[in-house]
Amino acid sequence: MKLQDFTIRNTHPEEVDEFIDILEEAAEWLHSNNIKQWPLGMFRNPASRASMLTGIANKQYYTIDYHLPLSSGTGTGTTTKTVIAGLFVTNYEDSFDELLWNEYLASQGKDWRDALYLHRLVLKTPFKGCGLTPKIVEFVEGKVQESGRHFLRLDCLAGNERLRKFYRTKCRGVDGEGKEKGGLNELPTVWNLELGLEFARFELQVVPF
């Protein structure tokens with residue numbers, strides 16, 4: 001698979017149930033690896049589905065398409081079949097992000113709303129390890145610039161050390177010369193008392209002050 005065969009677009013409302021299926025499959029995988037970030041069935045809740053439809057209408061939900069090259073069978077070229085490879089969500093001012101970030105950032109003289117927050121980044125199993133995360137991060141960096149904000153931020157469970165290492169070291173991929181761009185800055189972890197979970201937090205200043 002080549003990165004140029006993948007594109008990112010806004011999710012369509014009629015795709016919400018497939019979106020839910022992908023998230024539930026990811027939740028099942030997390031539970032099988034003793035990572036209890038997403039309760040099983042949470043995305044099939046009617047309130048959750050309604051929230052997703054609102055997010056889709058607000059263009060916060062994104063779909064990653066893979067354009068699978070197919071031989072035409074006539075020797076005249078190739079055609080493509082488009083399949084969904086993954087998804088992610090962006091938020092500007094969400095109460096969950098406020099809970100995780102506001103107190104710490106206020107102590108640093110920063111506004112938690114001066115960022116675009118990346119959430120629910122999920123890739124289907126066949127597309128893991130294809131180098132898609134740096135493509136997504138780069139895409140979201142562009143959205144930060146468009147929004148007039150300065151930071152990209154995201155979180156993950158503090159106990160997921162493998163993912164934490166990836167975010168802080170390699171999630172931005174390589175530049176045009178093939179040099180590693182590195183990762184995001186890891187900030188102190190925080191407990192979400194309502195969920196009883198500890199979260200690791202990461203940020204990247206995309207736009208200088």
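**Reading aromatic pairs and nonpolar cores**

Guide: In this predicted model, Phe6, Tyr66 and Phe127 are linked into a cluster by ring pairs.

Visitor: How is a pair of aromatic rings described?

Guide: A pair of aromatic rings is described by two quantities, the distance of the centres and the angle of the planes. When the whole structure is searched, 14 aromatic pairs are found. In one of them, Tyr62 and Phe88, the ring centres are 5.1 Å apart and the planes stand at 15 degrees, so the pair is stacked, the limit for stacking being under 30 degrees.

Visitor: Which parts of the chain does the pair of Tyr62 and Phe88 tie together?

Guide: Tyr62 belongs to strand β2 (residues 61-71) and Phe88 to strand β3 (residues 78-91), so the pair joins parts that are 26 residues apart in sequence. Both Tyr62 and Phe88 are buried.

Visitor: What is the geometry of the aromatic pair formed by Phe96 and Phe199?

Guide: The pair of Phe96 and Phe199 is edge-to-face, with 5.6 Å from centre to centre and 80 degrees between the planes. This pair links distant parts of the chain, since Phe96 lies in helix α3 (residues 95-107) and Phe199 in strand β7 (residues 197-205), 103 residues apart. Phe96 has 24% relative accessibility and therefore counts as partly exposed, whereas Phe199, with a relative accessible area of 2%, is buried.

Visitor: Which charged end sits over the ring of Trp101?

Guide: The charged end of Arg201 sits there, 5.6 Å from the centre of the Trp101 ring. Elsewhere, Arg153 lies over the face of Phe151, at 4.6 Å from the ring centre.

Visitor: Where do nonpolar side chains tend to be in soluble globular proteins?

Guide: In soluble globular proteins, nonpolar side chains tend to be buried together. Here the largest nonpolar core has 30 residues, and those with the most contacts inside it are Phe19, Leu23, Trp38, Met52, Trp101 and Val122. At least two residues of this core come from each of several elements, including α1 (16-32), α2 (46-57), β4 (115-123) and β6 (185-192). The element that gives the most to this core is α1, with eight residues.

Visitor: Which residues does Val122 touch, not counting residues up to four places away in sequence?

Guide: With those neighbours in sequence left out, Val122 touches Ile22, Leu23, Ala26, Trp38, Ala85, Gly86 and Leu87.

Methods
Residues numbered from 1 in each chain as written. Predicted model: local features only at pLDDT ≥ 70, side-chain atom pairs only at ≥ 80, totals over all residues. Heavy atoms only, no water. Phe/Tyr/Trp six-rings, centres within 6.5 Å; stacked < 30°, edge-to-face > 60°. Helix = DSSP H or I, 4+ residues; strand = E, 2+ residues; numbered from the N terminus. Buried < 20%, exposed > 50% of the residue type's maximum accessible area, 1.4 Å probe, protein only. Lys NZ or Arg CZ within 6 Å of the ring centre and 35° of its normal. Core = buried A, V, L, I, M, F, W, Y, C linked by side-chain atoms within 4.5 Å. Contact = heavy atoms within 4.5 Å.
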